[in-house]
Amino acid sequence: MAYPPPYPSGGSGYPGQTTQYPPPQSTSTPWVPGGGGGMPMPGSGPMPHPTQSGNIGFGGPTPGYPPGPGPTPYPSGQPPGYPPGPGAVPGYPPSVGQTGYPSGPSYDPAPLGNTPGYPPMGGMPGYLPGNPPPGPPPGPSPYPSGPTQPQYPPSQQPYPSSGPDYSVPSSKPVPSNISRQSQTSITKKMSDMSIHKPPRTEGTLKPSRNFNAEKDASTLRTAMKGFGTDEKAIINVLGNRSNEQRQLIKTQFKTMYGRDLIKDLKSELSGNFEDVILSLMMLPTEYDANELHKGIQGLGTDESVLIEILCSRSNQEIEAIKRQYKKEFGKSLEQDITGDTSGHFKRLLVSLVTASRDRDGPIDSDRAKTDAQALYAAGEAKWGTDESKFNEILCSRSHSHLRAVFEEYSKVCRYDIESSISREMSGDLKDGMISLVKCVRDIPGFFAEKLYKSMKGLGTDDKTLIRVMVSRCEVDMVQIKLAFQKKYHKTLESFIRGDTSGDYRRILLAIADEPY
């Protein structure tokens with residue numbers, strides 16, 4: 001909205017005047033046309049400057065008027081903004097019947113009609129264009145002043161039109177340099193933690209939603225009763241129930257028929273299909289303890305079984321396996337390991353059996369760098385190899401910490417940690433250390449590789465295939481299948497179909513959640 005054009009005096013805008021508009025009210029001075037009271041007619045002369053005491057709305061010059069005399073716009077130490085209410089530092093007076101800031105600046109009453117430069121304000125007494133001014137207005141002055149109308153103090157000017165922004169600041173403060181650095185550090189640490197945190201896993205063999213132990217026990221009894229065996233019925237039941245449900249079926253079977261389900265299954269089944277079914281009927285710790293015992297006893301030692309189980313199980317799982325092993329075989333697992341292995345490989349296995357690995361937690365970057373330097377100094381940086389240093393770090397540090405160590409190692413050595421182990425070690429110790437590194441990095445990937453090697457080429461390593469399928473079908477088989485396809489560009493299902501047959505193939509596909 002523009003102000004009136006320059007008056008004939010030649011000045012631009014409203015030139016500063018010595019007189020004030022309107023003049024101070026006096027009961028002894030009558031209103032005289034052209035003497036400064038009321039609203040001047042266009043062309044009657046320059047527009048006088050308004051005073052603070054006679055203006056309605058802003059308690060000072062309306063934006064666009066030249067500032068009047070007075071000190072600086074704001075009191076010392078008072079930030080710009082809406083001043084406090086009555087009783088505090090005087091400031092912006094609220095308009096009548098309105099709270100907060102007014103919707104816009106107030107103007108002196110304008111003449112009725114469309115006088116240029118003034119906003120239309122119908123219904124307000126004034127002068128019609130072209131008519132001579134009437135006599136003195138009756139009643140009190142249209143510019144009241146008094147205690148009922150709070151105004152700016154005489155020594156203070158109102159807010160300038162080009163003042164600071166009064167918009168509401170953002171609720172989120174702008175951080176200082178120190179807080180930015182702290183935030184960056186925290187974000188980096190959290191990012192490191194998320195990088196080193198293993199993904200969640202999921203099994204393919206899940207609990208049956210409509211589980212009924214009595215009905216399943218009856219189905220199994222019917223499948224094995226009389227001449228012949230209904231292997232498909234056995235697969236439908238035991239290949240689609242969780243381990244906990246299978247244990248309940250075993251108990252219910254004995255309750256209903258007074259027979260041992262395991263003995264009946266052994267008498268009715270054979271071959272690899274029998275091995276899979278009997279393995280599924282064991283508790284996980286029971287199965288691991290039996291597999292370790294098979295790997296240690298007899299002619300020679302199946303080191304791959306010891307490495308696979310001890311490198312991939314958690315502290316809690318190893319402790320449970322040790323208790324089960326002692327319960328079933330009357331000797332401690334550590335005793336049998338030390339009696340059947342030797343050298344640095346024996347020390348590696350004993351270290352793993354102690355189940356004293358650090359728990360996962362926040363990553364200490366400095367410690368990770370120190371361990372990476374120690375591994376480098378124990379191998380690639382010297383003649384010979386300090387196997388005990390590798391054993392100390394790889395068997396005692398948490399998995400999350402070791403993942404950070406492996407990343408730091410690649411920065412100090414031109415070889416990856418697995419490549420360095422292959423260059424520095426040999427035999428069972430090398431296999432054990434590399435398997436440990438692979439399990440630390442990616443357990444599903446480790447087992448995907450085990451499954452691939454068990455079926456590739458001529459023949460099938462059925463023991464490894466069964467052991468991995470049974471032990472991981474309720475743990476992380478979903479991720480193993482994904483890792484298998486990503487690494488070898490073929491599905492696990494296609495490998496199983498191509499390397500197995502009959503009921504053996506059907507039960508493996510069932511626990512892998514594939515059509516059979």
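This is a predicted model: local features need pLDDT of at least 70, side-chain atom pairs count only at pLDDT 80 or more; totals for chains, interfaces and linings use all residues.
Local features are reported at pLDDT of at least 70 and side-chain atom pairs only at pLDDT 80 or more, whereas totals for chains, interfaces and linings use all residues. Residues are numbered from 1 along each chain as its sequence is written, and side-chain values use heavy atoms, with hydrogens and water left out.

Helix α5 spans residues 261–268 (helices being DSSP runs of H or I with at least four residues, numbered from the N terminus). Within α5, Leu261, Asp264 and Leu265 are buried (under 20% relative accessible area, with exposed meaning over 50% and partly exposed in between, for a 1.4 Å probe and protein chains only). Because these residues cover an arc of only 100° around the axis, they lie on the same side of α5, the arc being that of the directions from the helix axis to the C-beta atoms. The buried residues of α5 pack against α2 (213–224), α3 (231–238), α4 (243–257) and α6 (271–280), where contact means heavy atoms within 4.5 Å.

The face turned away from the buried side of α5 carries the exposed residues Lys263 and Ser267, and Lys263 has a relative accessibility of 60%. At the start of α5, a side-chain oxygen of Asp260 comes to within 2.8 Å of the backbone nitrogen of Ile262.

In helix α7 (residues 284–296), Asn290 is buried, with a relative accessible area of 15%. Beyond residues up to four places away in sequence, Asn290 touches Met282, Glu328 and Phe329. The side chains of Asn290 and Glu328 are joined by a polar contact of 3.3 Å (a pair of N or O atoms within 3.5 Å; within protein, one must be able to donate a hydrogen and the other to accept it, and residues adjacent in sequence count only if both atoms are side-chain atoms).

Methods: Helices (H or I, at least four residues) and strands (E, at least two) are DSSP runs, numbered from the N terminus.
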